[in-house]
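Thanks for coming, everyone. Please take a look at the strands and how they pair up.

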Amino acid sequence: MFATRLRRLGRFLSYRAASIGLAFGCVGLASLSLAADVGGAEGGVREALKARLPKTQVGAVDCQKVSGLCEITAGANLFYVDPAARYLIIGRVYDMQTRQDLTAAKLLEMNPDMLVGAAASANAAANLTGEDAQKAAFAAAAKGGRMEKPTPERRSPKLSLESLGKDGAIIWGNPQGQSLTIFTDFRCSYCRALSNVLRSMNVKVIERPISVLGSRDIADRVYCAKDKERAVHAAYAGEPLAGGATCDTSGLDANEAFAHKHGLNGTPVIVRSDGAVLEGYRPREFLEAWLKDARS
């Protein structure tokens with residue numbers, strides 16, 4: 001009797017093991033099938049781009065990040081196509097749910113050095129519309145996919161901030177440190193990177209938010225927060241901001257009017273105490289040397 005029960009138990013366990021193995025095998029086959037589908041789609045995009053942009057040296061092709069779009073890298077350039085690689089899209093992709101600029105994040109990942117001296121111009125390029133965007137797309141194709149950066153508006157290397165009052169400024173950092181003013185957008189990845197650098201420096205930051213990427217609602221909440229410095233860093237980190245507080249935000253209007261008047265179309269823009277201007281992100285070593293020049 002005991003032997004009979006033991007044999008039955010053995011057959012049952014063998015059956016269960018076979019069933020579990022079959023189930024896991026099906027899951028594995030499904031995963032392989034999904035990976036093959038994704039890989040096949042990206043391979044098809046790559047082949048289509050070879051035919052349509054034969055001079056473009058395509059690097060990575062990612063059709064999983066954004067539904068309905070494939071992200072294409074070509075050297076130091078970034079653009080998007082539809083899954084059939086019929087439509088070429090040059091511009092900025094912004095995730096409204098996570099409030100992240102996906103294009104800026106990818107550019108930072110690709111080549112941080114590219115941001116030095118070019119972040120503001122890159123923002124301006126992303127805002128091209130109509131005929132300008134079409135010309136840029138044709139130029140990119142004609143030049144093997146390399147998109148020429150637009151020439152930034154020429155302006156004096158010095159910028160006077162005397163017309164701006166205290167309103168509209170969010171001051172943080174070391175109150176006794178050397179001061180510098182930054183024009184920023186809370187949805188700008190370059191600005192977030194710059195704020196992290198400045199937090200590690202012994203400087204007084206006078207931050208003046210401007211809405212380049214539609215961030216005025218965030219700027220209002222930060223500006224009206226009881227602890228503005230904490231709110232600034234929370235906004236850049238994508239953390240929730242306490243709502244409900246209201247205040248006079250006319251100073252933010254003045255920031256945007258000033259930026260429009262002086263052609264500050266991209267962010268960040270850094271202004272030294274003597275009026276010297278830098279457009280775009282800079283690493284700490286560069287900023288420290290640049291700030292020393294103001295004292296010499």
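Start with strands E8, residues 178–184, and E9, residues 203–209: they run parallel, joined by 7 bridges. Within that pair, Gln178 stands opposite Val203 in E9. A word on terms. Helices (H or I, at least four residues) and strands (E, at least two) are DSSP runs, numbered from the N terminus. Two strands pair if DSSP finds at least two bridges between them. This is a predicted model: local features need pLDDT of at least 70, side-chain atom pairs count only at pLDDT 80 or more, and totals for chains, interfaces and linings use all residues. Residues are numbered from 1 along each chain as its sequence is written, and side-chain values use heavy atoms, with hydrogens and water left out.

Now the other side of E8. E8 and E10 are joined by 4 bridges and run antiparallel. Here Thr181 stands opposite Val271 in E10. E10 then pairs with E11, again in the antiparallel sense, over 3 bridges. Val269 stands opposite Glu279 in E11. These two strands form a hairpin with 4 residues between them, and Gly275 in the turn has a positive phi of about 95°.

What is the order of the 5 strands in the open sheet? It is E7-E9-E8-E10-E11, with mixed pairing. The edge strands are E7 (170–173) and E11 (277–279), each pairing on one side only. From one strand to the next, the twist averages 25°. Angles run from 0 to 180 degrees between N-to-C directions; axes are lines fitted to C-alpha atoms, for helices over the stretch in contact.

Next, the helices. Helix H5, residues 189–199, lies across E7, E8, E9 and E10 (269–272), at about 165° to E8. Helix H7, residues 228–236, packs on the sheet and touches E7, E8 and E9. Its direction makes about 85° with that of E7. Contact means heavy atoms within 4.5 Å.

Are the residues of E10 buried or exposed? Val269 and Val271 on one side, and Ile270 and Arg272 on the other, are all buried. Buried means under 20% relative accessible area, exposed over 50%, partly exposed in between (1.4 Å probe, protein chains only).

Last stop: E3, residues 77–81. Its 5 residues are buried, 5 of 5. Asn77, Phe79 and Val81 point one way, Leu78 and Tyr80 the other. In a regular strand the side chains alternate between the two faces of the sheet. E3 pairs with E2 (residues 70–74) in the antiparallel sense over 5 bridges.
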